[in-house]
Amino acid sequence: MDAIFNPADDAPECVRIKGVHKFFGAVHVLRGIDLSIRRGEVCVVIGPSGSGKSTLLRCINQLEGISAGRIYLNGELIGYREANGRLNSLPEAKIAVQRRSTGMVFQRFNLFPHKTAVENVMEGPLKVKKTPRAEAIRRASELLERVGLADRANYYPTQLSGGQQQRVAIARAMAMEPNILLFDEPTSALDPELVGEVLDVIRGLAKTGITMMVVTHEIGFAREVGNHLVFMDGGMILEEGPPAEVIAAPKNARTQSFLAKVL
Amino acid sequence: MSFAGSDITGARGQPVKQGRSALQKTDPREFPNRIILNNPTPVPHPGRWIAVGLLCIAAMLVLWSLATNPNFHWDVVRSYLFDQQVLRGILWTLVITVMAMVVAIVAAVSLTFMRDSENPVLRFVSWLWVWLFRGTPVYTQLVFWGLLSVLYPRISVTVPFGPQLFSLETIDVFTPGVSAVLGLGFNEAAYLAEIFRAGFRSVDSGQKEAAKSIGMGKTMTMFRIILPQAMRMIIPPTGNETIGMLKTTSLVLAVPFAFDLTFATNTIANRLYLPIPLLIVSGLWYLAITSILMVGQHFLEQHFGKGVDVAAIHQE
């Protein structure tokens with residue numbers, strides 16, 4: 001546990017989620033979520049399939065809109081402009097700007113197949129941030145080196161293994177220098193022998209003090225790397241706290257039965 | 001060359017990279033004493049040889065008749081293949097093909113965006129266009145374009161309840177050439193719009209999400225991420241349509257536009273009372289242009305297949 005970065009108790013809030021509900025048609029997917037993530041925290045979210053973990057993550061990145069409640073990123077309300085007690089939807093362009101402060105790593109990688117590894121990583125800085133080309137290439141190469149793929153820079157995604165693709169995807173998310181990195185089950189689509197290399201990269205990032213929110217089924221990893229564990233079921237947060245405590249002595253009956261099955 | 005333990009060397013003596021992603025390449029001829037390839041006797045296929053024999057005989061008969069049947073008038077074909085009028089016809093055919101395709105592509109891209117728009121009016125207009133232009137014969141449409149000046153002799157733009165901005169004779173704007181290009185282009189747009197739509201749909205929805213997640217807006221996502229991947233699906237059928245368009249230009253007489261290749265060869269044929277050699281002249285030219293277009297299509301496919309179809313080549 002020693003190497004894990006622990007944010008100070010008074011570290012400023014990075015994400016604040018207040019009373020968030022989400023409906024898909026008549027299906028009530030998120031049922032009143034309240035959550036606060038401080039800067040530098042590694043928040044791991046566990047829970048059974050269909051509990052709303054991924055949806056919550058996608059709401060923070062505004063890939064899904066929310067039906068009720070508020071989400072603040074670094075104190076800024078996202079998705080809306082609030083004036084005189086009324087909410088106005090933000091235009092798509094404004095949302096795109098807000099999205100730059102969140103990086104997302106997808107379960108199925110979603111690398112751009114027509115671009116090489118280094119082109120995938122530099123696409124955001126080059127086109128969205130308008131970083132000069134030479135600078136973007138230099139930064140992208142650095143990031144690829146950090147995820148251990150310096151020698152694969154000019155490979156296309158189809159030429160890389162699943163684990164390598166996911167590491168490129170992490171580098172791509174990092175390239176935008178987001179305030180928070182969101183991981184949506186980053187190892188669920190990988191062969192068992194490739195899971196380790198991706199977890200190693202995430203573990204390395206966790207030590208640098210980047211704020212992260214990781215939806216995962218890897219309980220061991222959650223205990224080792226996380227410093228804030230959230231257990232979700234049925235669209236609600238049933239229990240949260242320091243991972244070691246929650247996993248060793250869950251208070252909620254649902255958490256107990258879930259952990260008994262997966263441990 | 002050793003073949004033991006970790007000391008594995010490849011075909012040309014460089015060390016072979018070990019690991020999941022680098023499959024080991026071995027030339028069996030370099031290990032003659034170790035690997036004896038099975039080399040089984042293939043299953044005999046006498047039917048194939050008989051088929052080849054029959055086809056050869058048929059081909060010889062066709063060639064023989066081509067060479068000896070005087071009704072082909074090969075001397076006429078030779079003397080008119082590079083005739084001034086024929087060459088001018090080719091030029092006009094190419095001009096109309098290219099311009100009609102440009103009109104079609106621009107219109108089809110707009111139709112595709114409209115079809116996927118959140119605005120129901122735009123969606124309906126796009127649907128209506130496809131329904132109308134795909135649902136009537138292109139010949140009918142061309143005649144209609146030609147008769148536009150009968151339908152509306154003058155085109156004028158007027159501010160409602162206000163002054164007239166300008167007014168033109170329809171026949172000055174919709175000349176036969178313009179009518180031919182618009183008629184062919186608008187009709188083609190209906191088909192291309194469906195092809196483009198299929199192409200865009202073929203791109204995984206995760207790509208749009210990934211582009212959004214790095215902060216890209218709608219337009220940039222379309223041009224940097226979706227379109228390049230959709231092109232892989234769009235190009236083969238669009239190549240088909242371009243070749244189709246080249247030949248459909250032979251219908252522009254309906255407008256009537258009277259300078260294209262088919263019209264030129266028909267005119268000469270009527271003058272000489274020899275239709276067959278001039279059909280061969282136009283056929284050879286259409287074939288030649290199609291062949292050139294196919295070469296172009298091949299290179300376009302290679303470009304947009306980057307990372308998917310030609311990844312293996314690129315790795316070298």
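Predicted model: local features only at pLDDT ≥ 70, side-chain atom pairs only at ≥ 80, totals over all residues.
## Helix α3 of chain A against helix α10 of chain B

The axes of helix α3 (residues 117–128) of chain A and helix α10 (residues 218–248) of chain B cross at roughly 140° and come within 13 Å, axes being lines fitted to C-alpha atoms, for helices over the stretch in contact, with angles from 0 to 180 degrees between N-to-C directions. The crossing of α3(A) past α10(B) is right-handed, the near helix being turned clockwise from the far one by less than a right angle.

From α3(A), the residues E123(A), K127(A) and V128(A) make the contact, and from α10(B), M220(B), R224(B) and I225(B) do so, where contact means heavy atoms within 4.5 Å. The residues of this contact of α3(A) with α10(B) divide into three nonpolar, no polar and three charged.

## Chain B as a whole

Chain B has 13 helices and four strands, taken as DSSP runs numbered from the N terminus (helices H or I, at least four residues; strands E, at least two). Of the 316 residues in chain B, 33% are buried, that is, under 20% relative accessible area with a 1.4 Å probe and protein chains only. Chain B exposes about 19,900 Å², of which carbon and sulfur atoms supply 68%. Among its contacts between residues at least 6 apart in sequence, 69% join residues at least 24 apart.

## Helices α3 and α10 within chain B

The axes of α3(B) and α10(B) come within 12 Å and cross at roughly 140°, which makes α3(B) oblique to α10(B). The contact is made by T93(B), L94(B), T97(B), A100(B), M101(B) and F113(B) of α3(B), together with M222(B), T238(B), E241(B), T242(B), M245(B) and L246(B) of α10(B). By class, this contact has seven nonpolar, four polar and one charged residues, and α3(B) passes α10(B) in a right-handed crossing.

T97(B) lies in helix α3 (residues 84–115) of chain B and counts as buried, because its relative accessibility is 5%. Leaving aside residues up to four places away in sequence, T97(B) touches T242(B), M245(B), L246(B) and T249(B).

## Conventions

Residues are numbered from 1 along each chain as its sequence is written, and chains are lettered from A in the order in which they are written. Local features need pLDDT of at least 70, and side-chain atom pairs count only at pLDDT 80 or more, while totals for chains, interfaces and linings use all residues.

Key. Heavy atoms only, no water. Nonpolar A, V, L, I, M, F, W, Y, C, P; charged D, E, K, R; others polar. Buried < 20%, exposed > 50% of the residue type's maximum accessible area, 1.4 Å probe, protein only. Areas by Shrake-Rupley, 256 points an atom, 1.4 Å probe, with all protein chains shown as cover. Parallel < 35°, antiparallel > 145°, perpendicular 65-115°, else oblique.
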